[in-house]
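This report covers a predicted model.

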Amino acid sequence: MRTAGPRRFRISEPAILVLAGIIVAMIVFGALASDRFASVKNATNVLEQAAPLGFAALGQMLVVVSGGIDLSIGAIVAVSSVLLAGTVNGSGTLMMPMLVAVLSLGAAIGALNGVITLRTGVHPLIVTLGMSSILNGLVLLYTLQPVGKAPVWFEEFAFGRILGMPMAGVVMLGASALVALFLRYHPSGRSIYALGGNREAARLSGIPIDRTTILAYAASGFLAALAGAYFVSRTGVGDPRVGDMMTLASITPVVVGGAVLGGGRGRVLGTLLGVLMVSLLNNLLNYLSVSTFYQWVIQGLIIIAAVAIFVDRSKRL
Amino acid sequence: MTLNSGTIQPRPVFDVLRRYQMMVLLASLVVAATILQPSFLAPRNIRDVLTQAAPLGMLVLGQTLVILVSGLDLSVASLMATVAVLATAFNATSDAMIPVIFLVAVAFSAVVGLINGLLVTKRNVSPFLATLAMMTVLQGVRFAYTQGAPAGSLPAGFRWLGTGSVLGLPVNLLAFLLIFAVLSFILHKTVYGRMIYMTGGNPRSAELVGVSSATVTIACYVICSSLAGIGGLFLVGFVGTVDNWVGRGYELDSIVAAVIGGVALSGGSGTLAGATLGTLILVVLFNITIILGFPIQAQLVIKGVIVILAAALFARANEKRT
């Protein structure tokens with residue numbers, strides 16, 4: 001049963017074992033190479049910086065498992081951060097209502113992606129790419145420079161601490177746990193696996209294809225908007241370029257974590273470890289003073305190595 | 001896409017109809033542009049449009065071949081910029097160096113395409129991921145080499161390649177037409193072309209009749225990358241300066257053009273002529289937004305709407321046929 005999904009807790013999946021191994025190796029290497037790397041302070045940093053990628057990757061994973069792909073994540077991040085900071089503009093009373101509005105907008109854009117995919121039968125790659133182009137255009141028509149201002153207390157989301165843990169990291173872990181539970185126990189969560197595993201079989205078994213597809217894309221849009229809100233919290237402004245790298249970055253942890261482009265397979269634990277690995281790698285390379293440019297090379301090589309060597313390659317997109 | 005033999009057999013009526021449809025769309029765009037701004041039809045503007053379309057057009061030809069074998073190449077734009085930086089590494093001043101630069105650029109690009117193709121066929125990596133990773137690697141290598149600010153110079157002849165003309169026709173357009181003619185001949189008149197369609201239509205049945213779909217696929221990636229390299233050199237000649245982002249966004253533009261031109265992302269269906277019309281439609285649309293005085297960002301919105309609409313149109317057409 002290839003499309004079984006996470007029925008039981010199977011830690012023995014090769015991608016997850018390999019990831020765990022790489023992460024341990026990086027920590028050992030980092031601890032030997034720099035005495036400040038293996039510190040509580042740095043662990044806190046890594047968790048804090050992993051948050052936005054975690055949100056985006058979690059959403060991407062839901063869509064990928066359902067058999068699609070979401071290339072509009074970066075654009076939704078940009079829309080939500082620009083809109084949030086731009087409309088709030090320092091007002092404390094507007095902050096929470098606008099946050100809710102922006103998160104809903106993210107979910108609505110995602111749902112629209114799903115609806116267009118279903119109604120037109122166009123490949124999600126093209127639909128979300130087109131959506132991304134439209135959204136980026138609108139954002140850049142709205143502003144070319146960072147705009148707006150968040151009230152100071154909203155910084156808590158990015159920099160605050162809960163029991164010594166970074167707030168954003170805790171929210172990310174909480175969201176991951178929710179998604180994991182949803183995927184494993186909720187009928188709609190199970191439907192996402194069924195849909196991605198075999199769409200026709202899912203339809204014949206009475207699974208609501210439309211609702212499940214729209215749900216996956218809406219969740220992805222919502223989580224992307226959350227990542228946008230995080231950036232507003234961290235920088236205090238809405239930057240129209242903040243999402244530029246997010247779309248592609250969101251795919252790496254998902255596939256490195258063992259999800260298959262084409263659908264039906266993928267686990268939250270794998271994606272989370274993928275996020276951790278990417279964040280830890282960036283952190284380690286910074287400690288070793290490796291330039292951003294070489295970091296790109298290394299990231300590309302890791303994607304290739306991960307998918308070419310370890311991942312189940314039975315399905316393609 | 002599965003057992004649909006219709007995607008393999010030529011369908012003259014539909015192909016003609018589809019091509020005709022694109023012509024009508026392009027023609028109505030040109031008419032609309034002329035009504036909005038009569039100077040659109042000025043020889044100068046037409047020339048600008050065509051000169052601008054040529055490098056992208058070369059890229060689209062390659063992208064089309066890769067899409068025909070059910071692939072996708074996201075690394076083309078990054079490769080264009082990398083080749084442009086590579087060309088400046090020679091610091092050449094004499095035009096005699098141009099053939100050498102072309103040779104090195106194409107060889108480099110072909111190796112990139114070979115790696116893409118091997119990853120896709122031998123390691124079964126999804127084309128999306130393999131070329132995405134390649135894009136990132138090339139970007140890193142390029143920036144690491146230039147340290148963010150490209151230096152070095154190109155022979156003056158490059159400017160001629162990008163903007164000059166022969167017998168009143170832009171040089172890069174002539175180069176495009178030559179490539180188009182050769183590839184069209186191979187694709188539509190030779191057995192290799194049929195192999196490409198067969199591989200894209202149904203790789204398993206292609207294997208059964210003795211076509212090595214892996215070899216065919218690798219060849220398509222190599223051609224695609226090589227054309228990206230050549231396109232990159234012409235684009236540098238057109239733009240006039242080298243920076244790390246030459247051709248930025250072209251990977252998506254090339255896919256969009258092919259899709260508008262009726263090339264099916266599932267592979268095995270589409271023509272080079274259609275894809276070229278798609279390129280023209282895209283470039284004319286961009287030109288119209290500039291003529292109308294829209295901010296350049298509006299192009300992104302228009303491009304997004306058009307690509308979804310065009311893809312939806314063809315998805316519907318495919319549905320009806322099957």
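## Interface between chains A and B

In this predicted model, contacts between the two chains involve 35 residues of chain B and 35 residues of chain A. On the side of chain B that touches chain A, at least two residues come from each of helix H5 (127-146), helix H11 (250-260) and helix H13 (298-321). H5(B) gives the most, with 13 residues.

Sorted by class, this side of chain B has 25 nonpolar residues, seven polar and three charged.

## Helix H4 of chain B

Helix H4 of chain B covers residues 98-121, 24 residues in total.

Buried residues in H4(B) include B:Ile98, B:Ile101, B:Ala105 and B:Ser109. Further along H4(B), B:Val112, B:Gly113, B:Ile115, B:Asn116 and B:Gly117 are buried, as are B:Leu119, B:Val120 and B:Thr121. In general, an α-helix has 3.6 residues a turn, so residues three or four places apart point the same way.

## Overall form of chain A

Chain A contains 13 helices and two strands. Its C-alpha atoms fill a box of roughly 55 × 45 × 35 Å along the principal axes. A compact globule of 317 residues would have a radius of gyration near 20 Å; the value for chain A is 19 Å, which agrees.

Of the 317 residues in chain A, 53% are buried. Among contacts in chain A between residues at least 6 apart in sequence, 80% link residues at least 24 apart.

Definitions and conventions: Residues are numbered from 1 along each chain as its sequence is written. Chains are lettered from A and ligands numbered from 1 in the order in which they are written. This is a predicted model: local features need pLDDT of at least 70, side-chain atom pairs count only at pLDDT 80 or more; totals for chains, interfaces and linings use all residues. Two residues are in contact if their C-beta atoms, placed from the backbone, lie within 7 Å. Helices (H or I, at least four residues) and strands (E, at least two) are DSSP runs, numbered from the N terminus. Ala, Val, Leu, Ile, Met, Phe, Trp, Tyr, Cys and Pro count as nonpolar, Asp, Glu, Lys and Arg as charged, and the others, Gly among them, as polar. The expected span of a helix is 1.5 Å times one less than its number of residues. A residue is buried if 20 or more other C-beta atoms lie within 10 Å of its own, exposed if 12 or fewer, and partly exposed in between; C-beta atoms are placed from the backbone. The radius of gyration is taken over C-alpha atoms; the globule rule is 2.2 Å times the number of residues to the power 0.38.
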